[in-house]
Amino acid sequence: MRSVHTPHTPVRTSSRVVRVSPAGKPPFDVAYERRGSGEPLVLLHGIGHHWQAWEPVLTALSASYDVIALDLPGFGASPPLPAGVPYGLETMVPLLADVCAALDVERPHVAGNSLGGLLALEMGRYGYARSVTALSPGGFWNAPERLWAVGLLRGMRAGARGIPDGALRRVAETPAGRWMLTNTIYTRPGHRSPDAVVAETRALRDATAFEQVLASEQRPRPGASRAITGIPVTVAWGDRDLILLRRQGVRAKRAIPAARLVRLRGCGHVPMNDDPATVTRVVVDTARAASA
């Protein structure tokens with residue numbers, strides 16, 4: 001299942017699908033991208049996105065790691081979870097461990113953004129990760145901030161669903177159009193290609209688990225994050241994040257005293273596009289701390 005090649009010469013592979021058969025639950029499929037070799041590093045995207053959110057840093061990370069970027073269930077090319085299986089943290093986190101097992105991976109380094117950042121932290125708490133890098137993780141909001149974030153996300157999805165497919169390509173071909181479609185999550189929309197903007201707009205439009213995840217109100221239980229011990233944890237926040245405001249990073253640090261808190265200057269909610277070099281360095285430094 002794994003393609004192995006020499007470090008520092010990453011090879012582009014096509015997306016694949018793995019069948020996951022968790023004990024006591026119906027099987028489900030997960031799409032993923034896998035590149036590189038070395039210690040395993042799992043990447044988790046945010047709500048309404050897909051694994052391609054990590055594309056700006058994949059080549060650099062795969063020079064040193066066996067990088068596995070997942071489409072979470074119900075997002076990207078992954079079908080939703082089977083009927084009756086909820087999207088709450090208490091279900092999703094063990095299922096992600098089952099995904100890792102299906103990919104022959106045990107206790108990988110885990111990096112996540114937004115929803116993926118919260119899932120990465122919980123994987124660390126449950127002992128499923130050897131290091132955690134959380135970029136603007138969800139769950140550290142207060143009630144007004146959550147309403148703000150949910151409103152923005154629903155507005156973005158309504159906008160994506162309101163653009164006819166034929167018009168989407170024409171809009172994405174122009175710098176102004178790419179800014180209109182992506183400025184809520186990026187400070188540098190011009191770094192995204194028209195093809196990437198079209199693909200992520202469709203991913204947001206077609207995300208079958210979008211409403212279920214929002215309704216699950218995923219957040220760590222009070223005091224639960226303090227149980228993350230014995231592994232390196234970095235929480236990094238874009239100082240121009242419009243969805244999860246940067247002051248939530250201070251709350252995350254208070255909840256996880258052992259974590260390193262990093263400010264990503266000039267970055268929005270999805271910083272991998274805005275400053276791929278810094279994001280790569282933050283992830284690698286955290287993973288190397290586990291080896292040290």
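**The sheet and what surrounds it**

Start with the open sheet. Eight strands, order E1-E2-E4-E3-E5-E6-E7-E8, mixed pairing. This is a predicted model, where local features need pLDDT of at least 70, side-chain atom pairs count only at pLDDT 80 or more, and totals for chains, interfaces and linings use all residues. Residues are numbered from 1 along each chain as its sequence is written, and side-chain values use heavy atoms, with hydrogens and water left out.

Elements are DSSP runs numbered from the N terminus: helices are H or I with at least four residues, strands are E with at least two. Two strands pair if DSSP finds at least two bridges between them.

Which strands stand at the edges? Strand E1 (16-20) and strand E8 (260-264). Each has a single partner strand, so one side of each has no neighbour in the sheet. On average, neighbouring strands are turned by 25 degrees against each other, direction ignored. Axes here are lines fitted to C-alpha atoms, for helices over the stretch in contact, and angles run from 0 to 180 degrees between N-to-C directions.

Now one pair. E5 (residues 109-113) and E6 (residues 131-135) run parallel over five bridges. Val110 has Val132 of E6 as its bridge partner.

H1 (residues 55-62) touches E2 (28-35), E3 (39-44) and E4 (65-70), and its direction makes about 155 degrees with that of E4. H9 (residues 247-255) touches E7 (233-238) and E8, at about 170 degrees to the direction of E7.

Next, the helix pair. The axes of H5 (residues 165-172) and H6 (residues 175-182) come within 6 Å and cross at roughly 115 degrees. H5 and H6 are therefore roughly perpendicular, a class that covers 65 to 115 degrees. Leu168, Val171 and Ala172 of H5 meet Gly177, Arg178, Met180 and Leu181 of H6; contact means heavy atoms within 4.5 Å.

Last, the largest pocket. Its volume is about 340 Å³, the space filled by probe spheres set on grid points joined across faces, edges and corners. A pocket is an open set of points on a 1 Å grid over the protein atoms alone, where a 1.4 Å probe fits, with protein on both sides within 12 Å along at least five of seven lines; lining residues have an atom within 4 Å of a point. Of the 23 lining residues, Met156, Leu181, Ile185, Glu200 and Leu204 are closest to the centre. H4 (143-162) gives the largest share of the lining, five residues.

Technical notes: Parallel < 35°, antiparallel > 145°, perpendicular 65-115°, else oblique.
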